[in-house]
Amino acid sequence: MTDTHYRRVRFVERELAHGRRLVQPLTSVAPTQLSGSAPMIWDLLDEHSSVDAVVAMLQQRFSDSPEVIAVGVRSALQSMIQSALVVES
Amino acid sequence: MTVAPATVRSIAAVGLGVPSTIVVEPIDNRSVLHELRAHRLEGVAVSALLDGTIEADERFGESLVQQHDETMAQTLRVEIMAVRVSDLLLDNDVPHRVLKGTALAHTVARSPSERSFRDVDVLVHGSEMDRVVALLTNLGATRNQPQLRPGFDGRFGKSVTMKLDGVEIDLHRLFCAGPFGVWMHPGDLFLLRDTVHVGGTPLPTLDWTDHLLHACYHVALGSAVPALVNLRDVALLAGGDWDSERFGQTVDRWRGHAVVRRAVRLVVDELDAELPETLMEYRHVPVAQAERDLIIPYLSTDARGRFAELAPATLRALPIGDRVAFARAVGLPEGSDVRGRLRAIVDRTR
């Protein structure tokens, strides 16, 4: 596991059809679309800043192993960092 | 007169009255999608499609969702600008109220995704107008039209339209131009305040009752054919927590009976919406013919005709002490580019 913490930047957002989410940081010129489990992870980052904490929350909702969930969370976080939605803190 | 086909009006009324199924025939797909965009109802339609209120074929559903995705992307761009503008004004201690789309999406709409908007609308005191224009100019914003004469915008203007990074920003002093604008007391709108939190910023906005008043003015005087989303705003606001006594006092004080009467009639006729009785009463409120006639120029689709008719009515409504200054600014704008300034006067009324 890791001690790295993550923080959402200032953003605006809208729900889209089929569980998708459109998120745009205030400093970006274009929005990013989140789909699949990404909107759920995005919401969890509002109150939980570490991978461990997000994984623990998701474990309560899904039957996958923590390792499998962590892989998905890290992948989603990397995408969010690349889209400037999230920064390491 | 109706402002849109029955199918689209039914979609505009979703959630406002008795629920019923809305069928979109495949042959109407393209026209309905077009009207939904024109009336900014894609969000309401998507909700209705997903909960089964709208019955349509797969192609319609896919096109609608895609159209809504695009509209939401545009809306976010505008919303970020609203936050930037409000941040700027808060940093400079400029009292202001964020109006219409940005505020209503986060308060009145069933979900922000149901309420799109295309520009930023902010109310400021007339005495602050020049300073706000200067602040935005420093950020890189440009005015759509030059000021007719120094001090005109803050003293007589309805609003100043600027553009920054491709987004239109309307700095309002009043809800409307013309005599009904002259009769407003815009200071009333700064007495109470609500707040919507967007992008980490607490945006100051009107309280619910003043939002309803503004929505009525916009629907009644904004254009001959109001967008259905604006009629829906009135219906949603009317169904919420508003102060009918203060609303009535303001309408009296602002001489706005003809305005509210037209707004309520439009909402009832177009949406077949159920409004509270205190608002429905305005449908039959007596209004002198002379005041009813004052609405006519607001509905002109010809900007030149609109200006030509509104200017004399404005002049008559102004206090005697202001008439010379107004007439001088409108009749003899400052600067040598007379043609451009005359065009600006006409554009100003659009």
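1. Strand β3 of chain A, residues 21-25, is joined to β4(A) by 3 bridges. The two strands run antiparallel. One residue pair to look up: A:L22 has A:Q33 in β4(A) as its bridge partner. Keep in mind that this is a predicted model.

2. Now the sheet as a whole. β3 belongs to an open sheet of 3 strands in chain A, ordered β2-β3-β4. The pairing is antiparallel. The edge strands are β2 (11-15) and β4 (32-34) of chain A. Each of these pairs on one side only. On average, neighbouring strands of this sheet are turned by 25° against each other, with direction ignored.

3. Chain B meets this sheet through a helix. Helix α4 of chain B, residues 58-91, lies across β2 and β3 of chain A. α4(B) runs at about 150° to β2(A).

4. Next, the contact between the chains. Chain B puts in 18 residues and chain A puts in 11 residues. On the side of chain B that touches chain A, the elements giving two or more residues are α3 (42-50) and α4 of chain B. The largest share of that side comes from α4(B), with 10 residues.

5. Last, the residue classes on the side of chain B that touches chain A. This side has 10 nonpolar residues. It also has 6 polar and 2 charged residues.

Conventions:
Residues numbered from 1 in each chain as written. Chains lettered and ligands numbered in written order. Predicted model: local features only at pLDDT ≥ 70, side-chain atom pairs only at ≥ 80, totals over all residues. Pairing = 2+ DSSP bridges. Helix = DSSP H or I, 4+ residues; strand = E, 2+ residues; numbered from the N terminus. Axes fitted to C-alpha atoms, helices over the stretch in contact; angles between N-to-C directions. Contact = placed C-beta atoms within 7 Å. Nonpolar A, V, L, I, M, F, W, Y, C, P; charged D, E, K, R; others polar.
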